[in-house]
Structure formats: C-alpha cells, structure tokens
Amino acid sequence: MSAARYDAIVIGGGHNGLVAAAYLARAGKKTVVLERRHVLGGAAVTEEIFPGFKFSVFSYVVSLLRPEIIRDLDLPRHGLQILPLESTVTPMDNGDYLAAWGDADESRFELERHSPHDAEAMVEFGRLMHHMAMAVKPILGMLPPDPASLSPSDLKGLLKLGGHFRSLGAERFHALHKLMTMSSADYLDEWFEFDTLKATKSASGIIGTFLGPRSPGSAYVLLHHYMGEIDGAFRAWGFQRGGTGAISNAIASAARALGAEIRTEAAVERVTVSGGRATGVALANGDELSAPIVVSSLDPRRTFLDLVDPKALPADLVTDVRRYKFRGSSGKVNLALSGLPDFTCMPGVGPHLRGAVSISPSVEYLERAYDDAKYGEFSRHPYMDIVIPSMIDPGMAPPGKHVMSIFVQYAPFQINGGWDDAKRDAFGNAVIDTVSRYAPNLKSLILHKQVITPADIERITGLSEGNIFAGELALQQLFFLRPSAQWAKYATPIDGYWQCGSGTHPGGGIMGAPGRLAAQQILKAAR
Amino acid sequence: MNFVRVLRATPFHARTAPLVRAQTWRRWAGYQVASAYEPHPDREYAAIRNAAGLIDVSPLHKYLIGGPHAARLLDRMVTRDVTRCELGQVLYTPWCDGDGKVLDDGTISRLDSRTYRLTSAEPNLRWLHMNAVGLDVTIDDVSAQTAALALQGPNSRAILQALGANVGNLQYFRLTHTNVRDIPLTISRTGYTGDLGYELWVRADDAVRLWDALIEAGTAYGIVPAGIWALDLARIEAGLIMLDVDYFSAPRAIIPDQKSSPFEINLGWAVSTSKGPFNGQRALDAERARAQQWAFVGLEIKWDSLERLFAERSLAPQLPTVAWRTSAPVYSGDHQVGYATSGCWSPLLKKYLALAHIQAPHFGVGSRLQMEITVEHRRKRADAVVRKLPFFDPERKRA
C-alpha cells in the first residue's frame, strides 16, 4: 500500500499541534493532525466522565491563549467563548476568609479588613506586575535568540532583546531581575505582610513545578501566570464555555476550515527517517503517511527519545533531553456534585462559588505541602485551586447539579513505592478530607469522583511524568534553553522534523504560542 | 444569593439616601454618594453661590498623626513647611515620591500642640508608616469614625452662628473646636468651592444629629443638600485640581508621562524652598531651576467661536449641563500643545471654562489657543484663551 502523501504531518492533537496545523494549512500546506486518543485537545479536553457531567479533565482555566492566535484563526467564530472567573476566596484556619473580587473597591475594603498596609501596597504591586507582564510579553511572541551564537539572525534577536530591556528603565529592570531570581515567598515578603494574601499569591508560583513557595525561581512562575490577558487586560483568567476541550475543538474547527485534516485514534509509532531527513510517520496500526514536514507537538522526551531513534541524534542533545526536568507535581480531583458546597467561612450560596476557592491559608501550609512531596509523598494537606464551572456555565452539569474541579499540588510523579490504585484512593481521600475541613457538607454531595495522579496524566495524555507544562517552567528550561540550547527554535537535527509543543518556548498553559511560532519557522524554512 | 455590600454608606446615608430622587448615585473612594439629590443639580449649585450648599464629604481619607514627632513626619512627607503650621491652622499641600512626582494632595490641620489631621483622596496609611520610620509618632486611620460635611456658600457663616457656633472671627484656613447642640465638632474654614465656606468634622455617631441641626437651622437661610455635580462646577470655577481627573497619583501611572510634579499642576507655590529635607526635594529643586515645561491653567472657550461652529450646522451652541471629566486636545495652530481635563459651563460667570495642561511657551495668561469640541458628530476647534486661576474668587472667601 503506498503511503498517503501530505505536505505536513502534525503528531498530537493538543492545542499546540492544532494551532501549528491551522497555520500550516492557512499557508496552503496539505496538513494532517494525528491524535492517539478518541478526543482532541491533549490536556485541554472536555469529557463526560459521569453521565450528564462534563469536566475539563486536566487543564481547566484559560488566560494565556495568545490574542494574535484568536484573531488569526478567528476562534470566536469557531466556538471560543470565555466566561469570566472573577474572584478568589481563600478560607482561613480561624474561620475567616480572604477574598479578591472583580471590583477594585470591594477588593480593597476586603483586604483592608486584614491589612490596610497591604491594601495600599496592592495598588503599586499591581502596577509593577503589569509592567513586568508588559516587559515579558514581547518575548512570548519572539523566536528565542541563542546568546552564544554569532549568526546574524541571533545577534539581531539579541540586540532587539537588549533594546527592549534597556527601554524598561532601571526600576522595572531591577524588579524583573528579582522576579527571575527570587522565590515567590521572598518576593511577596517585600510587598505584603498578611500571610494568607502572600500564600494565595505565591500559589501561582508553584503551580505545575516541583518548587515550594520558598524555592528560588518560583517568582518567575508567578509572573508567568500574571501574563495571562483577556481582551488586553492582564491577570484575567476565565472559563471556556463547554470546558477547555471546547478551545481545542474551536482551534480544530478553524484548522479544518483552513483545509487541515484531523484524525483521532491515530497513534503514531515513529517518525520515518531516510538519509537524515524525516519522510513521514508510521502509525501503530501499520499505516504509513509521508510528508517532507513532520511536526511533533509532544513533549521533548517523546519527540527526541521515543518518536525517533536517539542514535540518529547528536549525543549532547540526547543528554540534554534526558536531563530536561519533568517531575510532574500536580494532580486533579473532579467531582460530580448533587448540590453546592457550603463553605464554613462564607456559608450559603454566594458569588464566591462563581470564582476560585484557593486552599492556601498560609505560606507555611504551602511549604509543608511541598515538604511532603520533596520526600516522595503526596501532600497530606495540599494546595488546591477549586472551581465550580457549572456555576458559570450551566451546560456542564444537569440542572441543579454541579461539577467541581480541584487542582492539587503536590502529587509527585516519583512517589515512594510508585502510584497504584490504593495510593490513588489515598490521595483522593486526602484531597476530599482537606476540602471538607473548609466545606463540611462536601462528602454528602459527591455523586462521582475522578482522581487523577501524575501517573494518570502521563498514561492518558502522554505528558512525560505527568508534567502539565510538558517540562518544568524553571528558569534553566526557558527561552533559549527550552528544551535544549541549540534546538530552541523548533527545528531538530533531523531535517524536516520539527517540534511545536509546550516543551518549547514560551512554554505551558493554553497559550498556543509554541504552535504558532513553530509554524512560522517551518514556513520560513520551506520558502 | 447572599451578596455582601460592595460600596460603603457614609454616616449621613440615612438622611441623604431618601433625598436622591432620580437614583443619581456615584462612587467616591468606595462610598456611595449622590451626584445630585434633585434630578438636575442647578438649584444645588445655585445654593453654593447664593445661599449654602451642604455636601457630604465623608469619603475623604482622614488620619490623625500624634506624638512628639508628628510635625516632623508630616514635614518630611509633604512639600509645604509644616513646622510653621500654627495651632488651629490648616495647610493645603501636595506630597511627592522621591522623584518629585505628586502622590496626592490634601489638608493638614493642626488640632492641638502635637496632633494633626491629614486628609487625602487616596489611602495613605502605608505611605505615612513608610515615612515614620525612626520617628516617635502615632498614626490612626480615622476615616470611618469621622464624618465630614462641607457647608459652602455666602450664608454658611450665618447658619453656623444661628446654631451658636462661634465662627465670626474664624479666619480663612483656620479651625476651631466647638459644640453644636451638645455635639462636639471641629469647624475649619476650608472647602472645595472657592467660596465662603466651612468643613465640619464630627464623630460618625453624631453625624445624623448634626445633619438634622444644620437643616433645621439652615432652612431659613436657604440651605440645600448638594451633590458632587454641583461641587464639581464650583471647584472648576475655583480652579481647584482633582486627583484621578486632572492628574494621577504617581504609583498609578503606567507611563512616566502620566505623572505630574507640583509645578506642572499649578501647585509650585506649595513647594517650600526653605524647609528641611522632604520627599522629592532634590528633584523639585532641580526642576525649579529648569524652564517650566508644562503648566496647569484655566481656559475660557470663546462664545463667538462656539456660536459660529454650531451655526455652521444650524444649531445653537450646545453647552455641557454638568462638568465633563474627559480629555480634550488643545491646539496652537496645527500643533497640539496640551489637553483639557475638566470643563463646564459656568452658570455664574456665563462662560465656558476648562482646566488644562499646556506646554511651554503657550501657557501664559492671554495665550490664544483652540480646544477640540464635537459639533454634531464632527470634531471642531473652538477658540480659547488662557485665563488666570481661579476663574471665580469672591471677596467673601477670605473676608
């Protein structure tokens, strides 16, 4: 049987693979996307785990999706619809709470209750973080230049970058330096005094990493989460109507409209290589497809060690990829509920249930949660980010019933004794027991639960070690080092074989930027 | 749903709320206050200039600074010389960051030998504490416990006297402690209208009783509760600057151009040249030595020009019914040389007035400029002349 011929094959139907395919198709390339699972989206999938209850199984909120991709692919026409996630409420151990509401006055009064100092500092902090997000934003859309290279394009890129940093001014450059080097707890200590506030803010600095709030480098992750923008406003997070899978479907719909073909249940076994050139892929079912361009949206380990023969790659790259840190540290508990949880700190049904509930009562609480993980256990009392999407998007659950999404940190991939069913149950129970401390009626509402460990994330989505960012968002793995010093510009040592996943610059979250930048590089090389 | 109150109510809410006939509420520093009590603010404004307007100004931030070093703290923080503030005196002053950019403006009242009250538009508790390092002071935020009313207009003195308050000899920018119907209060001869007027500072618990006393005694003198729309007209006529409208606090600025020095907002007179070290001193000394780049001035938009531009579309001149707070470009010839940030038709002066930031060399009194206006969906430029501020400065303000 002769192989079906394409101009480009994209391996993996995650959002970055779909974005890359859409851009390639838009440029006239005959493109096919191959997804192993029956559902598109990778870690951005919506599934009806329990009849009538739909879950954003893994990734559950959106903010980082690049506005230029939304515009280029006209995603609203294909179903993108972001609903507001306006508030964060943190229950405190003394029965009180800290809330950040959508309204500035309301939030100021709330914070004043705990610390007038912090309420005032917040204004200046917000401005500085806005500046920092502005400072880093151009980098998100930039091809990372190699600082060790003397090639004209790298030098040009470095000059552009240098000029950009010079234009920040001293005050902002110093702040950026601090964000790049400090721990989120230390950084926040410079601004605030109220522990629960610092804890809730520093939680953004640990999500998806194997760092604690006191680990240097976590301040950058804090910034990464600040860069999210919706309609030009930074630090805005929202829900996609229909769950994050609907974002993947919107991108897929745009890609199809541009001529791309998308196949599900089409697992790729390996990339076929001939004479140092990629020639296509071999599927698990024995089919072969051929194309001069093969793009992997999988993480660097799968891209370089599984899909191709590492022996065909330079040894230093193989070593770099082996060293590249995944260390998944997060889990997820999805609950189908017969009603709404009643939080002791804010009884009854209220606006707080339309926003996030953050289980982050103190910095010490988070650091202790990290301590458990550091020594190979899941956190007995983890950091949790809880949302009830059905409060905002009623289509997610039957009328009057609800879905609750609990993001959990820490659950280390490398757990003592390995993950098994018993350990998964114990993890799920620790999560539900801890949430129940703050919402005692929770257990009586649970109709169904889905507990996801990093091992499950790896098994289901293919993300190595269950890392939600396809590789830790650590400074040594960012920008011109993501995933490896010489191969940070989406190309690989195999001609025609490209990478476009979250394991490449600028990294994880439902951002789409790696897919877009990769497609641009591929098209440039093809000209 | 179990909603919490978003906006705070002032201590006068029980009296003011029933008076707001057309639900014309607005926000001020997180409080719910009346834009106007009547559907239109005409009568409220007229009372400020012809009788007395009673304005709830409780949302102002208020701090009590006490202790042996209270004066040193304030002197270090603000641009005016607080060491010269006499007992019972009130100083109006801006204060700056280290770069000499204005953070806020407000009043400092010397209540007794070592206690001062600072009022401000923005919260300043953190800034006060940052400046108080090493000083023996107490700092109390009394914003919520202290209610404030502005009684402004030519009859304001008579009303207070009718209540037995001894304000006959109270000088401009001085204060007195007194009792009205057994309610202890502080009366300062200050305000935001440029008229004869007083501000009354009272415990929040006594607020409603004080309001009732003033209405009762004031009715014979034409007292009228007045909202922010009326106050806004009066303050533009008085040439008084407003934070978040005419300028922005430096920490809120996104770009450097959004910051202002005192010189740039017509407050250069309030920057001491003789006092000890204070925030921004070095930058302000350097700025004083340079030629002034920007000034904050009054503009009078010429009636003939307005009439002509509207007549081109067969319309009579359409005038703003309340003050506007948007930004209007100001031109000299074909070049934009500044922007107006507040404007209104002055019912008293019968002139269209604006407050504007103008670049050198166009800010001299008498400079002929043009301000953008919209006539029937089209942008036009109306002739405008730079005028000395305040536009309105009656003898009775100080007499």
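Begin in chain B with residues 328–332 and 335–346: these are strands β16 and β17, which pair in the antiparallel sense over 5 bridges. Helices (H or I, at least four residues) and strands (E, at least two) are DSSP runs, numbered from the N terminus. Two strands pair if DSSP finds at least two bridges between them. Pick out Val330(B); its bridge partner in β17(B) is Gly338(B).

Before moving on, note the ground rules. This is a predicted model, in which local features need pLDDT of at least 70 and side-chain atom pairs count only at pLDDT 80 or more, while totals for chains, interfaces and linings use all residues. Residues are numbered from 1 along each chain as its sequence is written, and chains are lettered from A and ligands numbered from 1 in the order in which they are written.

**The barrel in chain B**

A closed barrel of 6 strands runs β15-β18-β17-β16-β19-β20 in chain B, with antiparallel pairing. Neighbouring strands here are turned by 40 degrees against each other on average, direction ignored.

Select 228–237 of chain B next. This is helix α7, lying across β17 and β18 (351–359) at about 125 degrees to β17(B). Angles run from 0 to 180 degrees between N-to-C directions, and axes are lines fitted to C-alpha atoms, for helices over the stretch in contact. Contact between two residues means that their C-beta atoms, placed from the backbone, lie within 7 Å.

Then take 303–311 of chain B. Helix α9 lies across β15 (294–301), β18, β19 (368–375) and β20 (378–387) of chain B. Its direction is about 170 degrees to that of β20(B).

**The open sheet in chain B**

Which strands form the open sheet of chain B, and in what order? The order is β11-β12-β13-β10-β4-β14, 6 strands with mixed pairing. The edge strands are β11 (175–180) and β14 (223–225) of chain B, each pairing on one side only.

Zoom in on 52–56 and 146–152 of chain B. These strands, β4 and β10, pair in the antiparallel sense over 4 bridges. Ile55(B) has Ala150(B) as its bridge partner in β10(B). Helix α2 (42–50) of chain B packs on the sheet and touches β4, β10 and β14. Its direction makes about 115 degrees with that of β4(B).

**A covered strand in chain A**

Switch to chain A and select 383–387. Is strand β19(A) mostly covered or mostly open? Mostly covered: 5 of its 5 residues are buried. Buried means 20 or more other C-beta atoms within 10 Å of the residue's own, exposed 12 or fewer, and partly exposed in between, with C-beta atoms placed from the backbone. Tyr383(A), Asp385(A) and Val387(A) are buried on one side, Met384(A) and Ile386(A) on the other.

Show both partners. β18 (356–359) of chain A pairs antiparallel with β19(A) over 3 bridges. β20 (402–409) of chain A is joined to β19(A) by 5 bridges, also antiparallel. Center on Met384(A): Ile359(A) stands opposite Met384(A), and Met384(A) stands opposite Val408(A) in β20(A).

**Two crossing helices**

Select 15–26 and 513–526 of chain A. The axes of these helices, α1 and α17, come within 7 Å and cross at roughly 35 degrees. Residues making the contact include Ala20(A) and Tyr23(A) of α1(A), and Ala518(A) and Ile522(A) of α17(A).

**Where the chains meet**

Finish with both chains shown. The contact takes 18 residues from chain A and 16 residues from chain B. On the chain A side, α4(A) gives the largest share, 9 residues.
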